[in-house]
Structure formats: C-alpha cells, structure tokens
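This briefing concerns the contact between two protein chains and selected features within each of them. Please consult the sequence and the structure while reading.

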Amino acid sequence: MNPKYERQLKKGVLEMLVLKLLSKEKMYGFQLIQKLQLCNSKYFSLKEGTLYPILYRLEDDGLVKSEKIVNKPKELAKKYYVITDQGVEVLKELEILWKDFSKEVSKIMED
Amino acid sequence: MNKEKYLHKVIKYLSCSKKDKKRIYEDLSADIDEALENGESWQEIEMRFGDPKDLADELMENLEVDTKGRHKKLWIGLICGVCIVVAIGFLAYKMFIPTTILLKDSTYFNYDEVHDKAMEVIEYASNDDYEAIANIGIDEFKQDSVKEQMKETMTMMKHGAFLKISSEQYVENSTLTSKYAAASITVMYEDNAITYTLAFDENLNLSAFYMK
C-alpha cells in the first residue's frame, strides 16, 4: 500500500473520529492515541505528529476546547480536550454526510 | 538526549506560530510524562517518537504549514538582504571613491575658468608668493602653519626663472557629496622642473597644493 495515498484517504475522516471519541468523554492527547489503538484498528494508529494538528484545528474552529483538569489530589493538572456544543452539531452533520458518502463511494467502487 | 533536549530540538525545527509551538511543547511533554508513568523507558519513548526533525516535519505537514512558501520567503528575504548590502556598498563606493572624468567633459566646472585659476596659482608659485596662494585657498591655507610649510617648500625647491609649461592635465573628481577640479601641471624652470598638483573646490577655491 502506497503510504502517501493511504494517508490521504484516512486524512478526511480523522477529524470526525476525534470528535466522535470526544463526544463520549473528555480525553487528553495520550488517551486519544491509546483509545484509537484499542479500537483494534490497524488503519488508525495515530501518532502525535498527526493527532495534535487535528486537535489544534478543531480547537481553533471552536469544535473542541482544552481544559487543565486535576483528576486526583496532589496530581499535576492534565490538559484535556472537550467537545463543544458547536463540535457536537458539526459531528452530527459529519455522521450524516459520512453515511451517504460512504454508501456512494462503495457503489462506485463495486461497479 | 533527555526529554527537554529532545523537545527543544523538535521546537527548533518547527516553523509555525508561537501559539502552535507552545501547545505542541505542552502536549508532547505531557505525553512523554504519561508514557513514563505507564512504565515506558525514555529510550523506548524516544524511539517511538522518532527523530526530532522528522517529528517536526510531520507536525508541520499536518498543520499544513506552507514549507515551500517558507523557503520562498527565505529566498526572497535573502535576495532582498543581498540587494540591500549591494546598494549600501554601491552608495558607499559612490560616496567615498571619487569618479574621475576629463575636465573638458565636466558639466559642472568650466574648463577655461579652472585653467585660468590654475595659471594664477602657477604664477604665484613661480614667484614664491605663498601669501597670495593662501589668499585664494580655502580657510585651512590661511593658517600660519600651512603658510610656513609652503614657504619652507618653496625655499627648498629653488627653480630659477620660469621657462614654460611642459604639460598640463585637468580632471573632475566627484563623490556623491562633493566635486573638485584637479590639475597636474609640469613647469620647466631654469634650474629644474616642478610638477604642481592643484585641486579646486566647487567654488574654485584652492583646496590642495602639492609640489614635486
């Protein structure tokens, strides 16, 4: 598999996947990377160099925000990423788009 | 390499906004701390993260930083810098290194006026009249020390009666800030030949007087 084309194909859905994961719970960067690995997806083994630019784009667009949260006493605050209301709305739109889009793509590929 | 050195190297290779550099540093640092807490060794983490430059390149590619545009800006900056240096060098050259043209080609000085003035100086010099020379010179010529110097030189160079002018050349020298007319005149005297080098400022005041 040509890594350049594989990367291009995956690129478009990563924002949607990150929003989806954050819609379930707030997470910090390391957690997001581990979560995607735990999904047992060989296609979404995200590295820091890919994940953080996505998070920053979502943050700059107001779809997520970062918060420093202390989980346990005497522990240092961790930087969590939290989906915003706007992010929830955009995720809904992306899910609808994805359903239609993936159906159409599959139809063309099967021809 | 330890964590701080690694992160500083990554940041050094990044060409993005200060805001992005700050949050990248924070997030990578937090990830490394988390991985260490989870039992990974620094060596394992460093191997997983990869070469600092490669990580920086990957971050910039995904931040969609226009590296080609950045290189173009660098080249433009470099070319502008070189042009500025060349322009300054050219200006300095024009200011400090005089350009020389034949006086007859000068658009500032009148050849006949300069020639007449030079002949006046030669007449005074031939008569050892250093006072008269000082009177047509710039203020520095009127200083006693300068007049004394001229007197000494004229006394040393005993020449006898004036015979003829054997050669004369006239040029205009100009810098960005000033112009002067220069003359080199060789006079044959009874006892020897003296070459006079004269310079006149823009107001035709004598500004230099040499004898050899």
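The points below treat the interface, its salt bridges, and local features of each chain.

The model is predicted. In it, 21 residues of chain A are in contact with 20 residues of chain B. The area buried between the two chains is about 1,800 Å², and carbon and sulfur atoms give 44% of that area.

**Interface between chain A and chain B**

- Phe30(A), Glu48(A) and Tyr56(A) supply 32% of the area that chain A buries against chain B, more than any other three residues.
- Across the interface, 17 residue pairs are in polar contact, both residues being at pLDDT 80 or more.
- On the side of chain A that touches chain B, two or more residues come from each of helix 1 (3–24), helix 2 (29–38), helix 3 (48–60) and strand 3 (78–83) of chain A.
- Helix 3 of chain A gives the largest share of this side, nine residues.
- By class, the side of chain A that touches chain B consists of seven nonpolar, four polar and 10 charged residues.

**Salt bridges between the chains**

- Seven salt bridges are counted between chain A and chain B.
- Asp60(A) forms a salt bridge with Arg23(B), with the closest N and O atoms 2.8 Å apart.
- Asp60(A) also forms a salt bridge with Lys19(B), where the closest N and O atoms are 3.2 Å apart. This pair crosses between chains, from helix 3 of chain A to helix 2 (residues 18–37) of chain B.
- Asp60(A) is partly exposed, with a relative accessible area of 45%, whereas Lys19(B) is exposed at 52%.
- A network of salt bridges links Glu59(A), Asp60(A), Lys19(B), Asp20(B) and Arg23(B).

**Salt bridges within chain A**

- Over all chains, the structure holds 20 salt bridges.
- In one of them, Glu95(A) pairs with Lys20(A), the closest N and O atoms being 2.7 Å apart. The pair links distant parts of the chain, 75 residues apart, with Glu95(A) in helix 4 (residues 85–110) and Lys20(A) in helix 1 of chain A.
- Glu95(A) is partly exposed at 26% relative accessible area, and Lys20(A) is partly exposed at 34%.
- Glu67(A) and Lys65(A) meet through their side chains in a salt bridge of 3.7 Å, N to O. Glu67(A) is partly exposed at 30%, and Lys65(A) is partly exposed at 40%.

- Ala208(B) lies in strand 5 (residues 206–211) of chain B.
- Because its relative accessibility is 15%, Ala208(B) counts as buried.
- Apart from neighbours within four places in sequence, Ala208(B) is in contact with Phe141(B), Thr197(B), Leu198(B) and Ala199(B).
- The C-alpha atoms of Ala208(B) and Leu198(B) are separated by 5.3 Å, the two residues being 10 residues apart along the chain.

How values were computed: Residues are numbered from 1 along each chain as its sequence is written. Chains are lettered from A and ligands numbered from 1 in the order in which they are written. This is a predicted model: local features need pLDDT of at least 70, side-chain atom pairs count only at pLDDT 80 or more; totals for chains, interfaces and linings use all residues. Side-chain values use heavy atoms; hydrogens and water are left out. Contact means heavy atoms within 4.5 Å. Buried area is the accessible area (1.4 Å probe) that two parts lose on being put together, summed over both. A salt bridge is a side-chain nitrogen of Lys or Arg within 4 Å of a carboxyl oxygen of Asp or Glu. A polar contact is a pair of N or O atoms within 3.5 Å; within protein, one must be able to donate a hydrogen and the other to accept it, and residues adjacent in sequence count only if both atoms are side-chain atoms. Helices (H or I, at least four residues) and strands (E, at least two) are DSSP runs, numbered from the N terminus. Ala, Val, Leu, Ile, Met, Phe, Trp, Tyr, Cys and Pro count as nonpolar, Asp, Glu, Lys and Arg as charged, and the others, Gly among them, as polar. Buried means under 20% relative accessible area, exposed over 50%, partly exposed in between (1.4 Å probe, protein chains only).
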